[in-house]
Amino acid sequence: MQDSGNSGDPQEQPADAGATVSETVDERLLEAGRLLFAGPCEFFWAANNISSLPPMGAPEIAFAGRSNVGKSSLLNALTNRNSLARTSNTPGRTQQLNFFALGGPPGEEKLRLVDMPGYGYAAVAKNKVEAWTRMMRSYMRGRATLMRVYMLIDARHGFKPPDLEMMELLDQCAQSYQIVLTKADAIKRAEEPASIAKIEAELARHPAAYPLVLATSSRESRGVPELRAAIWQLLEEQGGLPEAG
Ligand SMILES: Nc1nc2c(ncn2[C@@H]2O[C@H](COP(=O)(O)OP(=O)(O)O)[C@@H](O)[C@H]2O)c(=O)[nH]1
Ligand SMILES: [Mg+2]
């Protein structure tokens with residue numbers, strides 16, 4: 001935001017004065033998000049049924065999406081790792097909730113990242129889909145520390161029927177969620193606003209959905225700092241603020 005009282009020409013300022021002169025809330029959040037995700041991040045728990053969840057502890061955010069949506073790539077981009085979440089070419093194989101401790105060793109983490117099993121994989125048997133749905137439902141209903149689900153949508157494809165089913169489940173569980181577009185590099189920049197507007201129109205029909213969409217590209221690291229900032233802001237808003245540092 002441009003402050004009309006600030007008449008300083010940026011070129012007149014010393015190169016290192018930018019942060020103090022033009023610091024905005026957004027820059028603060030971007031930096032706080034960057035620092036959060038620059039900390040240690042470690043896999044610490046896998047649950048393949050509802051009775052094997054880790055005890056509740058630090059605030060959790062979960063990542064969900066259809067198989068192949070780019071979830072592993074985005075988790076790796078967020079945490080600056082190459083293989084935190086294995087980028088797999090065998091969609092539907094990992095049918096478990098994977099927990100990562102962020103910002104401290106497990107037990108002292110500031111935030112937990114939860115990699116949800118991919119859904120909508122055609123070759124998965126019906127009884128497995130039902131088991132998956134039961135597990136997601138009981139996890140989301142019983143998890144007081146789960147702050148938000150980030151639901152990933154391939155920017156090229158928009159919502160597909162399995163995504164709409166997932167949103168219905170999230171709505172039923174009154175689980176707060178936000179849509180994150182992946183692979184934004186794969187659509188024309190000029191098409192992005194229309195794609196986002198279409199998605200936001202659908203979101204208006206979903207009570208538990210956060211109304212704004214974030215566009216990301218793991219390949220180009222686009223939108224990734226903004227997603228980190230949004231996650232930090234969520235922690236602040238929910239009072240789960242990690243200690244400064
Ligand atoms: N163009 C593009 N492709 C991506 C991006 N992120 C992931 N992919 C590709 O999408 C496929 C699935 O990625 P992956 O992260 O394994 O998806 P997951 O199954 O949801 O974990 C892989 O072939 C990736 O190379 C991206 O930002 N842009
Ligand atoms: Mg994956």
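These questions and answers walk through a predicted model.

Visitor: Which helix gives the largest share of the shell around ligand 1?
Guide: The shell around ligand 1 holds 19 residues. Among the closest are K71, S72 and S73. Three residues of the shell, the largest share, come from helix α3.

Visitor: How many residues of the shell around ligand 1 are polar?
Guide: The shell has three nonpolar and four charged residues. The polar count is 12.

Visitor: Which strands stand at the edges of the sheet?
Guide: The open sheet has seven strands in the order β1-β3-β4-β2-β5-β6-β7, with mixed pairing. An edge strand has a single partner, so one side of it is left without a neighbour in the sheet. That holds for β1 and β7.

Visitor: What span should helix α4 have at 1.5 Å a residue?
Guide: Helix α4 covers residues 126-142, which makes 17 residues. Its end C-alpha atoms are 24 Å apart.

Visitor: Why do the buried residues of α4 line one face of the helix?
Guide: The buried residues are M135, M136, Y139 and M140. An α-helix has 3.6 residues a turn, so residues three or four places apart point the same way. Seen down the axis of α4, the buried residues line one face because they fall within an arc of 120°.

Visitor: Which residues are exposed on the other side of α4?
Guide: The buried residues of α4 are covered by elements including β3, β5 and α5. On the other side, the exposed residues are K126, N127, E130, R134 and G142.

Terms used. Residues are numbered from 1 along each chain as its sequence is written. Chains are lettered from A and ligands numbered from 1 in the order in which they are written. This is a predicted model: local features need pLDDT of at least 70, side-chain atom pairs count only at pLDDT 80 or more; totals for chains, interfaces and linings use all residues. A residue is near a molecule or strand if its C-beta atom, placed from the backbone, lies within 6 Å of it. Helices (H or I, at least four residues) and strands (E, at least two) are DSSP runs, numbered from the N terminus. Ala, Val, Leu, Ile, Met, Phe, Trp, Tyr, Cys and Pro count as nonpolar, Asp, Glu, Lys and Arg as charged, and the others, Gly among them, as polar. Two strands pair if DSSP finds at least two bridges between them. The expected span of a helix is 1.5 Å times one less than its number of residues. A residue is buried if 20 or more other C-beta atoms lie within 10 Å of its own, exposed if 12 or fewer, and partly exposed in between; C-beta atoms are placed from the backbone. The arc is that of the directions from the helix axis to the C-beta atoms. Two residues are in contact if their C-beta atoms, placed from the backbone, lie within 7 Å.
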